[in-house]
Amino acid sequence: DRQSCEELYDELFSTVLFPSNEITHGEKRSSMEVQIEAIAKVLTTPGAWIDFSCVEWRLHLGQILREVPPHDGEDMSGIKESPGAERKWLFVQLLLSIELVLRLEAALRVGMSDSQSDVHVTSYEIHHFNKLRNTKLDWDLIVARRFIDHICVEHWTPATSNVPVSPSVEIGRAHV
């Protein structure tokens, strides 16, 4: 698949993030660098996301992914957030991290090899991105890459049931 920077920009800022005023009025508003920088800034917001650079959070990741929602009628009065909130925000973080991985790979592959492309990466832009990085963001990229490498999305229909089935997501050997 080939998507232009404008298509990627429209998809990112119409479905996942809201563009800031400085992005919406810039001269290169839909450039790959603007998109990469915006996602990196969101993911490096202190205290907003799970920090996988901490071993405890990497161990807790599997528990969050395999979390079983509470049964109907279960007393939830002692829980301040909804039971699946931690899982929901983990998936938002994974989505943003995967979006960043895909844009970085596209910028590196296309920008370095295709002179006809609208993706151009300069050494200054690489240096600028490296300034935005921190250990937490590096771990987000690692987790996103492992997630991409080990996820399999399948649609299956049970042979004996007329009940509509939603697609399952397989991570390694565990279904989510």
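The legends below describe close-up views of a predicted model.

View 1. The protein contains seven helices and three strands. Along the sequence these elements follow the order α-α-α-α-α-α-α-β-β-β. The chain has 176 residues, and 30% of them count as buried. Among contacts between residues at least 6 apart in sequence, 64% join residues at least 24 apart.

**View 2. The largest nonpolar core.** This core holds 33 residues. I36, I39, L90, L100 and F129 have the most contacts inside it. Which helices each supply at least two residues of the core? They are α1 (5-15), α3 (32-43), α4 (55-65), α5 (85-113), α6 (123-132) and α7 (135-150). Helix α5 gives the most, with eight residues. As background, nonpolar side chains in soluble globular proteins tend to be buried together.

**View 3. The surroundings of L90.** L90 is one of the residues with the most contacts inside the largest nonpolar core. Which residues does L90 touch, leaving out those up to four places away in sequence? The list is I50, F52, L61, I64 and L65.

**View 4. Helix α3 beside helix α6.** The axes of these two helices come within 10 Å and cross at roughly 10 degrees. An angle under 35 degrees counts as roughly parallel, so α3 is roughly parallel to α6. From α3, the residues E33, I36, E37, A40 and K41 take part in the contact, and they meet E125, H128, F129 and L132 of α6. The residues of this contact divide into four nonpolar, one polar and four charged. Two of the residues named here, I36 and F129, are also among those with the most contacts inside the largest nonpolar core.

**View 5. The salt bridge between D138 and R133.** The structure holds seven salt bridges, and one of them joins the side chains of D138 and R133. The distance from N to O in this pair is 2.7 Å. Are the two partners buried, partly exposed or exposed? Buried means under 20% relative accessible area and exposed means over 50%. D138 has a relative accessibility of 25%, so D138 counts as partly exposed. R133 has a relative accessible area of 34%, so R133 is partly exposed. As background, side chains of opposite charge can pair when their charged atoms come close.

View 6. D149 and R145 both lie in helix α7, four residues apart, about one turn of the helix. D149 also meets R146 in a salt bridge, at 3.3 Å from N to O. R146 and D149 are three residues apart in helix α7, so about one helical turn separates them. Salt bridges that share partners join E105, R145, R146 and D149 into one network.

View 7. How exposed are D149, R145 and R146? D149 has a relative accessibility of 44%, so D149 counts as partly exposed. R146 has a relative accessible area of 44% and is partly exposed. For R145 the relative accessible area is 21%, and R145 is partly exposed. The cut-off for buried is under 20%, so R145 at 21% does not count as buried.

Technical notes. Residues numbered from 1 in each chain as written. Predicted model: local features only at pLDDT ≥ 70, side-chain atom pairs only at ≥ 80, totals over all residues. Heavy atoms only, no water. Core = buried A, V, L, I, M, F, W, Y, C linked by side-chain atoms within 4.5 Å. Buried < 20%, exposed > 50% of the residue type's maximum accessible area, 1.4 Å probe, protein only. Contact = heavy atoms within 4.5 Å. Axes fitted to C-alpha atoms, helices over the stretch in contact; angles between N-to-C directions. Parallel < 35°, antiparallel > 145°, perpendicular 65-115°, else oblique. Nonpolar A, V, L, I, M, F, W, Y, C, P; charged D, E, K, R; others polar. Salt bridge = Lys/Arg side-chain N within 4 Å of Asp/Glu carboxyl O.
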